Amino acid sequence: MVTEGLLLEPTLYTVKGIAILDNDGNRLLAKYYDKTIFPTAKEQKAFEKNLFSKTHRANAEVIMLDGLTCVYRSNVDLFFYVMGSSHENELILMSVLNCLYDAVSQILRKNVEKRVVLDNLDIVMLAMDEICDGGIIMEADSSAVVQRVALRTDDIPLGEQTVAQVLQSAKEQLKWSLLK
């Protein structure tokens, strides 16, 4: 790919950030993978406010903002965003967005609303981590993501459990030992 006379090497770091905002533009969950773009929380929030103001009434799916390609999707009272560099393929970013949205929808049993997302924030964060790690896309199949974050601790070996699953299991064991 050639941009302004520069030859850009292909890279696995395709996602610059993922965000879920409410219908007022406030952050519910956001992860930025490139610390050079928005190094501070203040800059991230300013970008999110600007992004929301440009997209909350728009009827598109893709926007170029502050040198980033942003794909987005809204549902009821939530906005889902995936950001990549200005030369990133929109279809790849859209596949990440669709995976995130579909996984969250399956996890929340099609009840994708602010209150329900906040009640299940830990699982939504796990799903986001399964999809993208440090800007590298790890999974684009929503059913595989849902399968990995499913909270079935009874039949999963301890080494393969997530931190949330181990903590939940420890809480259950403590509760039962106190009740004896």
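**Close-up views of a predicted model**

View 1. Strand β6 (residues 68-75) is largely enclosed by the rest of the structure, because 6 of its 8 residues are buried (buried means under 20% relative accessible area, with a 1.4 Å probe and protein chains only). Strands are DSSP runs of E with at least two residues, helices are runs of H or I with at least four, and both are numbered from the N terminus. This is a predicted model, in which local features need pLDDT of at least 70, side-chain atom pairs count only at pLDDT 80 or more, and totals for chains, interfaces and linings use all residues. Residues are numbered from 1 along each chain as its sequence is written, and side-chain values use heavy atoms, leaving out hydrogens and water.

View 2. Strand β5 (residues 62-65) runs antiparallel to β6, joined by 4 bridges (two strands pair if DSSP finds at least two bridges between them). Ile 63 stands opposite Cys 70 of β6. With 2 residues between the strands, this hairpin has Asp 66 at a positive phi near 50°.

**View 3. The hairpin of β6 and β7.** Strand β7 (residues 78-85) is antiparallel to β6, and 8 bridges join them. Ser 74 has Phe 79 in β7 as its bridge partner. Between the strands lie 2 residues, and Val 76 in this hairpin takes a positive phi near 50°.

**View 4. Helices α2 and α5.** The axes of α2 (residues 90-107) and α5 (residues 142-149) come within 8 Å and cross at roughly 50° (axes are lines fitted to C-alpha atoms, for helices over the stretch in contact, and angles run from 0 to 180 degrees between N-to-C directions).

How values were computed. Buried means under 20% relative accessible area, exposed over 50%, partly exposed in between (1.4 Å probe, protein chains only).
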